[in-house]
Amino acid sequence: MSQSYNRGLIEDFGRWKEFSAGMWAWIFHKFTGWMLIGYLFTHIAVLSSAIAAANGETMMIAGEQVNAYTGTIQGLEGLFIIRVLEVGLLAVAVFHILNGIRLLMVDLGVGLTAQDRSFYASLVLTGVITVASVPTFLSGVGL
Amino acid sequence: MAERYSSFTPGGTAWFLQRVTAAFLIVVLAFHFFLLHFVNHASEVTLLGTQQRMDHIGYFLTMVLFLVAGAFHGVNGVYNALVNQGLSGTPKKVVLAVLSLAGLALVAQGTYVALVMAEMI
């Protein structure tokens, strides 16, 4: 005999206290995905300064006249908040990659019994890689 | 049975392409981050350095393919996430059209920038 039950709308975030590890993985994957596609549009916009640079446009950066592309990137990289946002971007990208690998494995039927543990492992590894990369991302920038 | 949450219908073309681009992006995104933050620091990026990298046809093609795969994976992911939230009917068609245009515009602009960086135009 088949049984059905109403588990409610899974997108009802008001039920967050009931969410399982798999649900959190699903939410984090969506959140990081939104961040990454948003960033991709921003990234191409910033890199488009190469077009202005190719047309000979220049700008002043740290008292030096440089092309628009070099000036835009180095100007942004000189800001502390940009470096902090880059660390956040790395965390978001690393989690999306690790959880993405986990999802591909699930799709292939590999490690189905370890889905919860692999989600926790993705979180821990993301934390470790992010913390370890902080010195590199913050090198040479003042507050 | 473990609960399975997915925004996609398994077996569909979008489902398949989302996974193919995912496998490609895992490798190239890791390479991109490593090359431009750990080998070359982002704060030291210059037009000359970018042009030198983009002059290598293999690197240029990898970056263009990276853009196309990233744009498709991102836009398709957003669309399916919205469908999963209950988007249907005319709003679904409008969202698909807007996202498709945004994705195509992103690829067009990105390819133009890549060609300029590689000094091909």
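Here are some questions and answers about this predicted model.

Student: Which residues of chain A does the UniProt annotation "transmembrane region" cover?
Tutor: Good place to start! The annotation comes from an unreviewed UniProt entry.

Student: How much of the chain is helix over residues 75-98 of chain A?
Tutor: Let's begin with residues 33-54 of chain A, where the chain is 95% helix and 0% strand. Over residues 75-98 of chain A, strand again makes up 0% and the end C-alpha atoms are 32 Å apart. The helix share over residues 75-98 is 92%.

Student: Which element gives the most to the side of chain A that touches chain B?
Tutor: Contact here means C-beta atoms within 7 Å. By that test, 38 residues of chain A are in contact with 32 residues of chain B. The elements of chain A giving two or more residues to this side include α2 (49-54), α4 (80-107) and α5 (115-137). With 12 residues, the one that gives the most is α1(A).

Student: And by class, how many residues on that side are nonpolar?
Tutor: Nice follow-up! The side of chain A that touches chain B has 4 charged and 11 polar residues. Its nonpolar residues number 23.

Student: Where is the kink in α1(B) centred?
Tutor: Helix α1 of chain B runs over residues 13-39 and reaches 37 Å from its first C-alpha to its last, close to the 39 Å expected. Along the way α1(B) has a kink of about 30 degrees. That kink is centred on Leu25(B).

Methods: Residues are numbered from 1 along each chain as its sequence is written. Chains are lettered from A and ligands numbered from 1 in the order in which they are written. This is a predicted model: local features need pLDDT of at least 70, side-chain atom pairs count only at pLDDT 80 or more; totals for chains, interfaces and linings use all residues. UniProt positions are given in the numbering used here, feature names are shortened, and annotations may be inferred rather than shown by experiment. Helices (H or I, at least four residues) and strands (E, at least two) are DSSP runs, numbered from the N terminus. Two residues are in contact if their C-beta atoms, placed from the backbone, lie within 7 Å. Ala, Val, Leu, Ile, Met, Phe, Trp, Tyr, Cys and Pro count as nonpolar, Asp, Glu, Lys and Arg as charged, and the others, Gly among them, as polar. The expected span of a helix is 1.5 Å times one less than its number of residues. The bend at a residue is the angle between axes fitted to the seven residues ending there and the seven starting there.
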